Amino acid sequence: MSTKKTTKTTAKTAATKTTAATTPPAKSAAKTAAPAKKAAAAKKATAPAKKAAAAKKATAAKKATAPAANKAPAAKKLPESHAALVRRARRINRELADVYSYAHPELDFENPFELLVATVLSAQTTDLRVNQTTPRLFAKYPTPEDLAAAVPEEVEELIRPTGFFRAKTKSIMGLAKALRDDFGGEVPGRIDDLVKLPGVGRKTAFVVLGNAFGVPGITVDTHFGRLVRRWKWTEETDPVKVETAVAALFPKSEWTMLSHRVIFHGRRICHSRKPACGACPIAPLCPSYGEGETDPEKAKKLLKYEMGGFPGQRLKPPPDYPGKPAPPLAAG
C-alpha cells in the first residue's frame, strides 16, 4: 500500500511539473503574436488614409500647375516669307485663269478713243451703265475732233445716265480737245502722255494701254484693291503703292490679264459686303476665307453675272463670253 501511494504521488508530481514546464511557452507565444497582429491592424487602418492623402496631394499639385499651363503663350504663327507669298499669289492667278479663261475688259469699244472716253465715264458707276450710254454718244461724236467741237449741254444730256454728268462732260471734252490739239487726233500710247489728259489717271491709262495698245499694266480699281488686301498680297491702300507691290509678285507679261481676272472675281464672287466664300474656287488659298457666306448652297445664290446665270455688262461681249449680252438702255 505504501509503495502504490508513493508511485501515485510521484506520477502526480511529474504531471504537475510537466504542465508547469509547458504552460509558459504557450503564453509567451500568445504575448508575442498580439503585438504583431496589432501592428498589422494599425498598418491596415492607416493605408487608406495614406492613399487618400497622396491622392489629395497629387490633385493639389495638378491644380497648382494648371494655371501656369493656361498662361503659357500659344505658339506664334511665323509670318509668310516673300518667296511663299510669290508662290501663293501666282497660284491664285493660275486658278483664276482657269475659272475666267474668257476674262476681258467689260467696256464696249471699237478703238482707243472710245475706250478712253468710256473708261473716264465709268467712274462712280457700272460698266453696264456706261455701255448702255456710249452707243448714242459715239454715234453723234465718233472722233476727238467731233467731241471737242460739241455743245456741252448736248453732251451732258447724252451721258446723264452715268452720273456726275457735268464734271464728266468737262473731262471728256477736255481730253478730246487735247487729243485734237496736241496729238493730231490720236490717243497716245505712252503713260506719261495719257496722264496729262483731263480726267485721266494711272488706272484709266493702264486700261487703255493694256487693252488698246497691248502694253502691260496693272489696273487698280476698287475691286482689285479690295481683293489683293484680302489675299494679303499687300496692306497698302494707296492705288500707286498697291500697283507697285503687286507688280513685284508677277512677271510683266501677266499684269494686264491678272487685272482682268482679279476684277472679274471681285464682281462675280468676292463681293465687298458679302463675299461668296462657299462658292469660291480659290478658298483654300485665301487667308480671309470665312468673311462671307461659307455654306455652299447659300453662297451660290450670291453669284453674279454669268456665274449666277445673269447677263454680263457688255452689250457686245467677245465671242468666247459664256454669258448673255447686256440689254440696251431702253430695254434695261
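Analyst: In this predicted model, helix α10, which covers residues 222–230, packs against helix α12, residues 255–268, at an angle of about 85°, and their axes lie 8 Å apart. Because angles from 65 to 115 degrees count as roughly perpendicular, α10 is described as roughly perpendicular to α12. On the α10 side the contact is made by His223, Phe224, Arg226 and Leu227, while α12 contributes Ser259, Val262, Ile263, His265, Gly266 and Arg267.

Turning to the backbone, most residues other than glycine have a negative phi. Phe164, although not a glycine, has a positive phi of about 50°, and this residue is placed in the loop that runs between α6 (152–159) and α7 (165–182). Phe164 is exposed, because its relative accessible area of 57% is over the 50% cut-off. A positive phi, near 55°, is also found at Tyr305, again a residue other than glycine, and Tyr305 lies in the segment that follows α13 (296–300).

A further loop, between α8 (191–194) and α9 (202–212), holds Gly199, which is partly exposed with a relative accessible area of 46%. Leaving aside residues up to four places away in sequence, Gly199 touches Val120, Ser171 and Thr204. The C-alpha atoms of Gly199 and Ala123 are separated by 9.9 Å, with the two residues 76 residues apart along the chain.

Key:
Residues numbered from 1 in each chain as written. Predicted model: local features only at pLDDT ≥ 70, side-chain atom pairs only at ≥ 80, totals over all residues. Heavy atoms only, no water. Helix = DSSP H or I, 4+ residues; strand = E, 2+ residues; numbered from the N terminus. Buried < 20%, exposed > 50% of the residue type's maximum accessible area, 1.4 Å probe, protein only. Contact = heavy atoms within 4.5 Å. Axes fitted to C-alpha atoms, helices over the stretch in contact; angles between N-to-C directions. Parallel < 35°, antiparallel > 145°, perpendicular 65-115°, else oblique.
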